[in-house]
Amino acid sequence: MTSAAEQRAQERAAQGGLPATAVNGGPRAAPPTVPAWPGAPTPLGARFRIGPDGVAGTNFALWAGGAEAVHLCLFDERGREMRVRLSELTHEIWHGFVPGVMPGQRYGYRVDGRWDPWTGARWNPAKLLLDPYARAVDGAGGNDYSSLPAEVYGHVRDWPEQHVADTVRDDRDSAPYVPKGVVVHDDATDDEWAYDRRPKTPWADSVIYELHVRGFTRLHPGIPEELRGTYAGLAHPAAIEHLTHLGVTAVELLPVHQFAHEDHLLRRGLRNYWGYNSIGYFAPHAAYAASGTTGQQVGEFKRMVRALHAAGIEVILDVVYNHTAEAGELGPTLSLKGIDNRGYYRLQDDPRRYADYTGCGNTLHVVQPQVLRLITDSLRYWVTEMGVDGFRFDLAAALARSMHDVDMLSPFLAVIAQDPVLRRVKLIAEPWDIGTGGYQVGAFPPLWTEWNDRYRDAVRDFWRGALPDVRDLGYRLSGSSDLYAWGGRRPYASVNFVTAHDGFTLRDLVSYRNKHNEANGEGNRDGSNDNRSWNCGTEGETEDGRVRAVRRRQLRNLLTTLLLSTGVPMLVAGDELGRTQRGNNNAYCQDNETSWLDWTLLDDPDWRPLYELTSRLIALRHRHPVLRRRAFFSGRAHSADGLRDLAWFTARGEEMTPTDWYAPSPTLGMYLSGRDIPGRDERGAPILDDSFLAILHAGDRPANFALPGPPWAERYEVVVDTSQEEQGEAPGVVHEAGAAITVPARAVLLLRVLG
């Protein structure tokens, strides 16, 4: 039945208000159609093959439940379209084999069906749709536009009555304006993979380094200009040398799935930089390829993975399966919305509207079998064919929702737990979304690690003097057993971090009290106001030498705390160099020097020592298993002398009492025993290590600290002193047990137990 709004649309078109092609029933000339052979319904996507009769071609298969017809659209180099009707339908999968279609062929789909937004049906054959299983993507994705063309919307975007605009179908052809899939030849005979060796770094030994492919390489002077900002740039020896010298074991890449730019950013002359706006879950983002975008990006990505593996570095992808770039009912129609809107997205009780647990306009309906299949097929593809070692799931709580509530027995988590491929890779949850009950830190099941924002908040608050007491800090430094010591989980279930891509950089955390996001064009309303930062007395950059020295010391304190804590540390690229975003704590749309890593800092005498300290701390962590425990501390004595695996001390040199834990204090001592490490090494021998005393002092004046005597130690040797810009090589200063030493203001001392 035609709605009143649609009737008005037809009338206005007839009166000249809009061209007739912009509403239902408008004329549209169709290219010639040719038939396809039956082909096969599996695997989904476009697969080039040579049939048993020697005929080369490509099999196309698309799940489109509820659709009435599907046309495959093939495009030549000039953009001319040829349509192939897929007449075979098996279990809601439309499929066909097209002889002569070779790798490099650009294609898309047109899917016909009812247009009835009031029931959630949004089929529109005028819109060319990207194959959800496309292995490579070529063409427009917003890079060439000052705004998204009106033609890419399934509804009339500029309809005068905006409250019903999403109900008026737009029949203009979107093909010239949207990205297209590319047929890729999966070369199973690639001999180079035979020499690839996954590092398989144990979780407890991991140090994660979050980076952006483009931002990390864009300004690197050692990378050839034509490779900067690309996968090939990250694979370059100059980029890898920085990672290996630093000592990280894994890179966590900000989204590299094909993504699109939002219209509101294009209208402000900006672009989506971070990439949390996915549209192709199998395709490496084409703009990060130096070699080409008609399939070459796939090989370039694989070569990058192999180069990192050869250096002993794992590759973890930040993946966005919770929502897509199609936004809500007023968003563009690029792929899933036009294939089967009701089958792919969570809709509200009013099916015109989308359930939004992500803040991005839509939420994928992971409970639906076809959506779950899409996600798990994508994950397995990136592991088995692209060589990656793990995933960090953006807004993972949205994936764990059953019908509405977050459910740790949800289909998504159950499938991952039993999958023979996926259960063996690194799985990291961002354990929250914006919906009711979405905050789930500590709740994910075994196999999963989690971003631990409670670690971030406690460490930030301690070093800015805002913790009411040290109870929470004690838990965070020792592996967050209050959150993770259940169900067989281990300390490495906690990914510890002080900064991440969203929020202040580490340098900005000690340089700004308030966010400064004016360049984003949103009136400084975007980005969090809860930064837990301290600007050391002056807002922003300053020439005041005293303030600058305090800030550098605070950076050393934060990095040292992170790398001495039990759990898995995560660094953000550039924090080890003092990278700044000038106070922008939401640089998601700043594809410029604001976000790119400034490599001149590596040679800056103010910042080079921070890089060397970070490298030294990571090396220390790698050498000492007491700093990367595989089991939680017990706090109990394991020998007759009363020595325990973990003990806490006040500045008086006395063990902490319940009263001490509840009292505000700027000083905390943490004793880690190397004699009581659970487990055995690869040969079955007990694991023994040095013991350490870490003293954290956040006060603005020096403090006396009485070093614990026997049985804890006879003497102590200073290994790290963050009050010093340059760290001396061990052996350092030696102190007798029981002596009262002076801890400098705002400093961390790490002392090795002697005797």
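The model is predicted, so local features need pLDDT of at least 70 and side-chain atom pairs count only at pLDDT 80 or more, while totals for chains, interfaces and linings use all residues. Residues are numbered from 1 along each chain as its sequence is written, and side-chain values use heavy atoms, with hydrogens and water left out. Across the whole structure, a search finds 56 salt bridges. Helix 16 packs against helix 4 and against helix 15.

**Salt bridges**

- Side chains of opposite charge can pair when their charged atoms come close.
- A salt bridge here is a side-chain nitrogen of Lys or Arg within 4 Å of a carboxyl oxygen of Asp or Glu.
- Asp-170 pairs with Arg-172, with 2.7 Å between the closest N and O atoms. Asp-170 is buried, at a relative accessible area of 0%. Buried means under 20% relative accessible area, exposed means over 50%, and partly exposed is in between (1.4 Å probe, protein chains only).
- Asp-318 and Arg-392 form another salt bridge, at 3.0 Å from N to O. This pair links distant parts of the chain, 74 residues apart: Asp-318 is in strand 17 (residues 314–319) and Arg-392 is in strand 18 (residues 390–393). Helices (H or I, at least four residues) and strands (E, at least two) are DSSP runs, numbered from the N terminus.
- Asp-318 is buried at 2% relative accessibility. Arg-392 is buried at 0%.
- Arg-644 bridges to Glu-655, and their closest N and O atoms are 1.8 Å apart. Arg-644 sits in the loop between helix 16 (608–623) and strand 23 (646–649), and Glu-655 in the loop between strand 23 and helix 17 (658–662), so the pair ties together parts 11 residues apart in sequence.
- Arg-644 is buried, with a relative accessible area of 19%. Glu-655 is partly exposed at 32%.
- A network of salt bridges links Asp-453, Arg-456, Asp-457, Asp-461, Arg-464, Asp-530 and Arg-532.

**Helix packing**

- Two packed helices are described by the angle between their axes and the distance between the axes.
- Axes are lines fitted to C-alpha atoms, for helices over the stretch in contact, and angles run from 0 to 180 degrees between N-to-C directions.
- Helix 4 (residues 237–246) meets helix 16 at an angle of about 60°, and their axes are 8 Å apart. That makes helix 4 oblique to helix 16. Angles under 35 degrees count as roughly parallel, over 145 as roughly antiparallel, 65 to 115 as roughly perpendicular and the rest as oblique.
- His-242, His-245 and Leu-246 of helix 4 touch Tyr-611, Glu-612, Thr-614, Ser-615 and Ile-618 of helix 16. Contact means heavy atoms within 4.5 Å.
- By class, the contact of helix 4 with helix 16 has 3 nonpolar, 4 polar and 1 charged residues. Ala, Val, Leu, Ile, Met, Phe, Trp, Tyr, Cys and Pro count as nonpolar, Asp, Glu, Lys and Arg as charged, and the others, Gly among them, as polar.
- Helix 15 (residues 545–564) packs on helix 16 at about 15°, with axes 10 Å apart. The two helices are therefore roughly parallel to each other.
- The contact of helix 15 with helix 16 holds 10 nonpolar, 2 polar and 2 charged residues.
- Helix 8 (residues 369–384) and helix 10 (residues 411–418) pack at about 35°, with axes 11 Å apart.
- Leu-372, Ile-375, Thr-376 and Leu-379 of helix 8 meet Pro-411, Phe-412, Val-415 and Ile-416 of helix 10. These residues divide into 7 nonpolar, 1 polar and no charged.

**Inside helix 4**

- The buried residues of helix 4 are Ala-238, Ala-239, Ile-240, His-242, Leu-243 and Leu-246.
- Their cover includes strand 13 (208–211), helix 2 (213–217), helix 3 (231–234), strand 14 (250–253), helix 6 (296–310) and helix 16.
- Leu-243 is buried, with a relative accessible area of 0%. Leaving aside neighbours within four places in sequence, Leu-243 is in contact with Tyr-209, Leu-211, Phe-216, Val-248, Val-251, Leu-308 and Ile-313.
- The C-alpha atoms of Leu-243 and Ala-573 are separated by 9.7 Å, although these residues are 330 residues apart along the chain.
- Gly-247 follows helix 4 and has a positive phi, near 100°.
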